[in-house]
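Visitor: I have a model open and a few things to ask about it. Can you take them one at a time?
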Amino acid sequence: MDQPATGSVDNETTDQSYADAEARSARLEEELRTDPGAHRMLTGDRPTGPLHLGHYFGTLHNRVRLQDTGIQMFVLVADYQTITDRDSPKSLPQDVDALLADYLAVGIDPERTTIFAHTQITALNQLFLPFLSLVSVAELNRNPTVKDEVNAAGQTAMSGLMFTYPVHQAADILFCKGTVVPVGKDQLPHLEVARVVARRFNRRYSRERRYFPEPAALLSEAPVLLGTDGQKMSKSRGNAIALSATADETSRLLSRAKTDSERRITYDPANRPDVSNLVLLGALCLDRTPESVAEEVGAGGSAALKSLVAEAVNERFRDIRKRRAELIADRGHLRRILAAGNERAREVADATLADVKRLMHTDYPIG
Ligand code: TRP
């Protein structure tokens, strides 16, 4: 009995290669064009601080585009995931409100999209337990993203929840039988866990009819925006322009942004990453090519570039910021929207858990 937890885990190879994921993503993009109603999208964010422009151009923008295709959408406030690497903060309710305000301000529409928080969905969390039985410790141990997150948090010890959270994330996706998960490349190892869980559950408990669909990543083609210091844009690095930043804060952050000593502005991401990142941000806000923005600034140098970008950001986000300010002033409204989304997610999760219990023979009558 040296492997009780893993003894029944199927020893199949996982199709982990990036090329496979990319091919699936391209196929999915095509299917979404022809038959969006056949898919269900699930994605989400941890409520650990306000969302920033990297989120906007990386994923939020794309979510709104997908919502407009008519696909069924679920957007998750991943509040349990905040305790993988920290204590649950007293500020959690405000952090959740901030995330909701960001979502609604950019155009995620609660009439068409179910916005919910997974701490509130009991049946979703109960799926975590049987799902844990479907993966081995060795597999979880190979997840590079979990390791990166532990390192980034500067922690030496990894909590059990941190170690297993990709399985919890599988419950986030599978409770609603999600098929499309728009994510960045770093989330692919987690998605692989969800695919493995779905496949093994079906093989073990639902051979006749595949119960869970295998979800696939929809990889964003969006360019990666760096922070104002040339590192990855991130809430914790202090280099991010929040969606909710004021025009003055935006200008101030950009005036301190890293550039280089060459006067003439060009778009050359390989050799001039800092300048090119600012050019890219301006171009994204203006819906123009980076080359044309660089051309326009030309000999004006970095001061001219920074003021052009600040103006472009402030113009592009003026309405979103105005809407966001109104939303955050009415917390009752935000909570009502979340309550309605939770209610809908609960119905879906209850139905899935009932099926899972039936398939696993754990729905036997008592008494
Ligand atoms: N792990 C994701 C992140 O850190 C958040 C998340 C939680 C998520 N559950 C999810 C993303 C399910 C997609 C699908 O950003």
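Visitor: Is Asn62 buried or exposed?
Guide: Asn62 counts as buried, because its relative accessibility is 15%. Buried means under 20% relative accessible area, exposed over 50%, and partly exposed in between, with a 1.4 Å probe and protein chains only. This is a predicted model, where local features need pLDDT of at least 70 and side-chain atom pairs count only at pLDDT 80 or more, while totals for chains, interfaces and linings use all residues. Residues are numbered from 1 along each chain as its sequence is written, and side-chain values use heavy atoms, leaving out hydrogens and water.

Visitor: Where does Asn62 lie?
Guide: In helix α2, residues 53-69. Helices (H or I, at least four residues) and strands (E, at least two) are DSSP runs, numbered from the N terminus.

Visitor: And what does the side chain of Asn62 make a polar contact with?
Guide: With the side chain of Arg65, at 2.7 Å. A polar contact is a pair of N or O atoms within 3.5 Å; within protein, one must be able to donate a hydrogen and the other to accept it, and residues adjacent in sequence count only if both atoms are side-chain atoms.

Visitor: Backbone next. What is the phi of Lys177?
Guide: Positive, about 55°, although Lys177 is not a glycine. Most residues other than glycine have a negative phi. Lys177 is in the loop between α7 (160-174) and β4 (180-183), and counts as partly exposed at 27% relative accessibility.

Visitor: What about the phi of Asp287?
Guide: Asp287 also has a positive phi, near 55°, and is not a glycine either. Asp287 sits in the loop between α10 (273-286) and α11 (290-297). With a relative accessible area of 66%, Asp287 is exposed.

Visitor: Zooming out, how many helices and strands does the protein chain have?
Guide: 14 helices and 5 strands. The radius of gyration of the chain is 22 Å, close to the 21 Å that the globule rule gives for 367 residues, so the chain is as compact as a globular protein of that length. That radius is taken over C-alpha atoms, and the rule is 2.2 Å times the number of residues to the power 0.38.

Visitor: What box do the C-alpha atoms fill?
Guide: Roughly 80 × 45 × 45 Å, taken along the principal axes.

Visitor: How much of the chain is buried?
Guide: 51% of the 367 residues count as buried.
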